[in-house]
Amino acid sequence: MSETRPDDRFDTLAVHAGQAPEATTGAIMPPIFQTSTYVQPAIAEPLGGIYDYARVANPTREALERNLAALEGGSHGLAFASGLSAIECVIKRLSAGDHVVSEENTYGGTTRMFSRVLEKLGVAFTYVDTRDPEAVAAAITPATRLVHVETPTNPMMRLCDIAAVAEIAHAAGALLMVDNTFASPYNQRPLELGADLVVHSTTKYLNGHSDVIGGALIVRDQELFDDLAFVRKSTGAVPGPMDAWLTLRGTKTLHLRMQRHNASGQRIAEWLEAHPKVDRVVYPGLPSHPQHELARRQMSGFTGMISVDVGTLDRARGLVEHTRLFQLAESLGGVESLISVPARMTHASVPAERRERMGVTDGLVRLSVGIEDADDLIADLSRALD
Ligand code: LCS
């Protein structure tokens, strides 16, 4: 019988948490409950008290949710159809007239959802540079219910001091939500630093194999979980059981994959920083990162995400269209290396003036370093840069 204990370490939790052999056969892998509904023995008496309809409950999804909760050190997890639908669920818990303070350099799709979809419903958003806790404090109003940060940010690798901002949010009676997609729970655990909610695009490191779109929320409070579960059941952005199962397969190797992403990310960032054709490398694991000290305090590894400025769109194009192993694509966090130009791809929906101010220039290239041989990846970049 595989049952985890609270003192089990991360690598053990990754493999076992949330799963037990199936009762009738002993199948070691959780079954994919590919069903939309469940037969009830009597009117409104679903088995287990919850299995009445698969939007509400699905055992495959629940295994993933227990696993993710254990990895983030939370009490409950909620899986979603995408990272954006997980974030949306938290906003839909609010009411018209409520206010949210958000990091200005989030994934472009997050800002687009806030400013072009959710603002119309009467929730107000203020965007600030959350590297500065004072800027968060200054943006808070009596209507602020939520502070939303991403750390490291996509793609500028800005860091937010989670403990400091949690204190500011809580003093104002607001919750702190941390998008932990870039770090992964292997490298950073926001709930332990005071955050109330962790959100993931599980599409990225958690699933890790570029074959599922998914999202998750992890919390440590029963009431908050109940509220969010109610919004999700009422609005419906649940993942299918097959996607939940694939993501659970991914998290079993999260620790091993992250060790390689961290090691190769560091090596390639150092190599790029010494390259004459690269103007600037942004990577929290480099002493040149302006928040390197915070990175070392708050994170235990620095991932495979690196941004480099090569000066112009032409030079960026020369790089991203000539790599062989680093493939030109959106997304990140998979076993294979990807390369992109955020200003023209993932962050094209962010107003140009704001992009420029944050450093998301046309010459900025984002790398997602995969788990291939690091020497092969360096040779690939070397050829393309030359
Ligand atoms: N949060 C972060 C930090 C992200 O990078 C993304 C997607 C999302 C949330 C949204 O998650 P999704 O709905 O896509 O699962 N980031 C992407 C990127 O950088 N390239 O393509 C998607």
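This is a predicted model: local features need pLDDT of at least 70, side-chain atom pairs count only at pLDDT 80 or more; totals for chains, interfaces and linings use all residues.
Biologist: What lies 2.7 Å from a nitrogen atom of the ligand?
Modeller: That is a polar side-chain atom of Asp179. An N or O atom in the side chain of Lys204 is 3.1 Å from a nitrogen atom of the ligand. The side chain of Asn154 has an N or O atom 2.9 Å from an oxygen atom of the ligand. A polar contact here is a pair of N or O atoms within 3.5 Å; within protein, one must be able to donate a hydrogen and the other to accept it, and residues adjacent in sequence count only if both atoms are side-chain atoms.

Biologist: How much of the ligand's accessible area does the protein cover?
Modeller: The protein covers 93% of the 480 Å² that the ligand has on its own. Such areas come from the Shrake-Rupley method with a 1.4 Å probe; for residues, only the protein chains shown count as cover.

Biologist: Asn154 was mentioned. Is its peptide bond to Pro155 cis or trans?
Modeller: The bond from Asn154 to Pro155 is cis, with omega near 5°. The bond from Thr151 to Pro152 is cis as well, with omega near -5°. Pro152 is in the loop between β4 (144–150) and α6 (162–171), and Pro155 lies in the loop between β4 and α6 too. Helices (H or I, at least four residues) and strands (E, at least two) are DSSP runs, numbered from the N terminus.

Biologist: What is the phi of Met157?
Modeller: Met157 has a positive phi of about 55° although it is not a glycine. For background, most residues other than glycine have a negative phi, and most peptide bonds are trans. Met157 is found in the loop between β4 and α6.

Biologist: Is Met157 buried or exposed?
Modeller: Met157 counts as buried, at 1% relative accessibility. Buried means under 20% relative accessible area, exposed over 50%, and partly exposed in between, with a 1.4 Å probe and protein chains only. Ser210 also has a positive phi of about 55° without being a glycine. Ser210 lies in the loop between β6 (197–201) and β7 (215–219) and is partly exposed, with a relative accessible area of 44%.

Biologist: Turning to β7, how many of its residues are buried?
Modeller: Five of its five residues are buried. Gly215, Leu217 and Val219 cover one side, and Ala216 and Ile218 are buried on the other. In a regular strand the side chains alternate between the two faces of the sheet.

Biologist: In what sense do β1 and β7 pair?
Modeller: Strand β1 (residues 76–80) and β7 are antiparallel, over five bridges; Leu78 has Leu217 as its bridge partner in β7. Five bridges also join β6 to β7, which run antiparallel, and Ser201 has Gly215 as its bridge partner there. Two strands pair if DSSP finds at least two bridges between them.

Biologist: What is the order of the open sheet of five strands?
Modeller: The order is β8-β9-β12-β11-β10, with mixed pairing. β8 (280–282) and β10 (327–328) stand at the edges with a single partner strand each, so one side of each is left without a neighbour in the sheet. β8 pairs with β9 (residues 305–309) in the antiparallel sense over three bridges, and Arg280 stands opposite Asp309 in β9.

Biologist: Last topic: where is Thr111, and what does it touch?
Modeller: Thr111 is in helix α4 (residues 108–118) and is buried, with a relative accessible area of 4%. Not counting residues up to four places away in sequence, Thr111 touches Glu104, Thr106, Tyr127 and Arg354, where contact means heavy atoms within 4.5 Å.

Note on methods
Residues are numbered from 1 along each chain as its sequence is written. Side-chain values use heavy atoms; hydrogens and water are left out.
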